[in-house]
Amino acid sequence: MPAAKVIDRQHYGDAAISPDQNKVPLLGHDASVLRSKRLLQITSLTLMGLLLAAFVATGHTQLTVLAGCAVLVLAGWFAHQQQPGIAANILLWALTAMLSVLAWHSGGVRDMAVLGYPGVLIFAAILGNVRLFSGLLFFIVSYCSLMAGLTITGYFHPFLPEVEFKHLIFTDVILLITGFSAYLLLRDQRRLMDGLREENQRVRNSQKTIARLASQDQLTGLSNRRFAEESYTRLYQQCLRDEHPLAVLFLDLDSFKPVNDSLGHAAGDLLLQQLAGRLQALSRPDDVLCRFGGDEFLLMAALDGDEDQLTRLAQSMTAAATTPFFIMQTQIEISGSVGVALAPEHGTEFNTLCKYADLAMYQAKHEGRNVFRIYNDDMGRANIDKFNLMTQIRQALKDKQFRLFYQPKIDISNGRVCGVEALIRWPQADGSYITPDEFIPLAESSGVIADIGHWVLQEACAACTRWRREGHYGVGVAVNLSYVQFRDGSLERNVQQVLQQSGLPSSALELELTESMLIGEGDDISRQLSTIHSMGVSFAIDDFGTGYSNLGYLRRFNASRLKIDKSFITALSVSQRDEPLVRAIIQMAASLGLQSVAEGVEDEATLNLLKQLGCDEAQGYFWSQALPEHELIEWLNAHNSHQELPHSSEL
């Protein structure tokens, strides 16, 4: 058995099984010491037995035995020097030679000396190597065959003396030496077998531990995704036999990242452990609950026909996530969204059901979070549509299908154009447009918005440079930024390169930032904005009033304009509901030294009210919708034809 060979090597080295005597044992010095010890014991025992035999022997028998004793002393010396290979060769060949001489001078193949051959072969098999064992076996068989053949043919006449007391001594010495030596070696073998059994048990225990670890999440103690996938087939087959549907419920925590960011990952780990305990408490013995990864959990449960069972189970999972957590003396309140897929209604493969449950979960997040949604085909089609649109976005950027339109911004006090806002459009072959609301979120989620944003910056700056060269010196351009453009830390370098390539003065460029981007900003974003501001580029806060409306970041980011979202402007002329809010924003902007810009002005009544409220600038359909560049030039020429052109040095 291979395992037995490994253990045998550990005790006796490669000499027991390898034809190469000089090969290094598996355990090196320890194995060599053990072999040397056994050889020294056997040599000493054999030497004492031979000395006893020499004491009662006479003539050539006594001389042969004494010669054997002398050689055994040499073998014992090598064994003492921990050279077991040399010692084994000397010992076993010396014994074989001595037995062969004794048999030749006495009874031949019928001599009692032949009794020692089996012991020699046993010792050679255990203490020697294949070469030594084979050599001794070949010699002994050949020698015995020779003596038998010579005896049969009459060329050799063995002599069988009368049995005397000394023959009893000889026989006892041979049997005692062989028996005691065999006992020592077999006792080692029993120890080896015991060690083998213990080792096999350890291996089995290790395999069980490895199997458990491979199927268990180490943080929560729940099953992991691998175990869930392996268990799915069994659970699904059981549901088919019972004619019950199998529900796959996918739970993802809402706003889990802030827990790690504010309290540290240790707190996040404790929260996941507590949540795992809650989910385990609501699951049944036959259900499969696993931590799918990160802050995602998967529950597979067989439904028994109760129509409300699925609803109760999904609501229990969201409740487990919503119930406050008490961690590190802090109360943490989060929520969870659950997506559900059913087998066989939605599919029969584990990965397919997980994908559909995941889509349903994202639908739950999209519809407000802390709810559950069951997958339907519309979600699948919507996902396919998103994928196709994502592919089209990349191709559109490559084929330069996007176009920039520009909407003028008007100084309310004198009606002059003070700048334009660059707005991206995606025209289609049939003359329609895919709106930014459709493709910008997808572009942001995939990261391609960084390339789109860079293209917009290049096109807008180049266009603004052309307008200024045509005489519209006072017109600057505003470009919207996405939070994704800050991720790789190269935004300030890109802005500087674009300004240099286009020749546009930095004062003519304004970058528009959303409130949500600034509220969630980190040190890296703050550093990039500071660098860009030092170039002379100005900032505007877009859609103000729709987010957190925190005043602290307005000073931190050196904003120069505050753009009031059009949702507060469009109804000003027909309803007074938003007027106090708009007035407050305008007054706050003025107190902070910021220009206020009203978006979505569509009629003169709204414009007049904004003048009364003290608003500085505005844009909207009252003046112009967003126009392609050539139409914008015509509009600017018509609108500013009465204005005096500044000197070229102002360019």
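**Burial and overall make-up**

I looked up burial first: buried residues make up 46% of the 651 residues in the protein. Buried means under 20% relative accessible area, exposed means over 50%, and partly exposed lies in between, with a 1.4 Å probe and protein chains only. The model is predicted, so I note that local features need pLDDT of at least 70, that side-chain atom pairs count only at pLDDT 80 or more, and that totals for chains, interfaces and linings use all residues. Residues are numbered from 1 along each chain as its sequence is written, and side-chain values use heavy atoms, with hydrogens and water left out.

I listed 22 helices and 18 strands for the protein. Helices (H or I, at least four residues) and strands (E, at least two) are DSSP runs, numbered from the N terminus. I also checked contacts, meaning heavy atoms within 4.5 Å. Of the contacts between residues at least 6 apart in sequence, 67% join residues at least 24 apart.

**Nonpolar cores**

I then went to the cores. A nonpolar core is a set of buried Ala, Val, Leu, Ile, Met, Phe, Trp, Tyr and Cys residues joined through side-chain atoms within 4.5 Å. The largest has 79 residues, and I393, F402, I452, L509 and L511 touch the most other members. Helix α15 (residues 449–469) gives the largest share of this core, ten residues. A second, separate core has 36 residues, including L39, A54, C69 and I90.

Leaving out residues up to four places away in sequence, F402 touches I393, A396, L397, I424, R425, W426, F439, I452 and W455.

**The six-stranded sheet**

I traced an open sheet of six strands in the order β1-β3-β4-β2-β7-β8, with mixed pairing. β1 (223–224) and β8 (372–374) are at the edges with a single partner strand each, so one side of each has no neighbour in the sheet. Two strands pair if DSSP finds at least two bridges between them. Strands of a sheet pair through backbone hydrogen bonds, either parallel or antiparallel.

Inside this sheet I looked at β2 (residues 246–254) and β4 (residues 296–302), which run antiparallel and are joined by seven bridges. V248 has M300 in β4 as its bridge partner.

Helix α8 (residues 225–242) lies across β1, β2, β3 (288–293), β4 and β7 (335–343), and runs at about 145 degrees to β3. For such angles, axes are lines fitted to C-alpha atoms, for helices over the stretch in contact, and the angles run from 0 to 180 degrees between N-to-C directions.

**β14 and its partners**

I checked the burial of strand β14 (residues 538–544): six of its seven residues are buried, so β14 is largely enclosed by the rest of the structure. Strand β13 (residues 509–514) runs parallel to β14, and five bridges join them. T514 is opposite D542 in β14. Strand β15 (residues 561–564) also pairs with β14 in the parallel sense, over three bridges. F544 is opposite I564 in β15.

**Backbone points**

I found a cis peptide bond between A343 and P344, with omega about 10 degrees. P344 is in the loop between β7 and α12 (350–366).

I noted two positive phi values in residues other than glycine. Phi of M328 is near 50 degrees, and phi of Q329 is near 60 degrees. M328 lies in the loop between β5 (325–327) and β6 (330–332), and Q329 lies in the loop between β5 and β6. M328 is partly exposed, with a relative accessible area of 46%, whereas Q329 is exposed at 88%.

**Largest pocket**

I looked up the largest pocket last, and about 1400 Å³ of space lies in it. On a 1 Å grid over the protein atoms alone, a pocket is an open set of points where a 1.4 Å probe fits, with protein on both sides within 12 Å along at least five of seven lines; lining residues have an atom within 4 Å of a point. Grid points are joined across faces, edges and corners, and a volume is the space filled by probe spheres set on the points.

The lining has 43 residues, of which L423, P436, D437, N480 and D542 lie nearest the centre of the pocket. The elements that give two or more residues to the lining are β10 (417–427), α14 (436–446), α15, β12 (476–480), β13, α17 (515–519) and β14.
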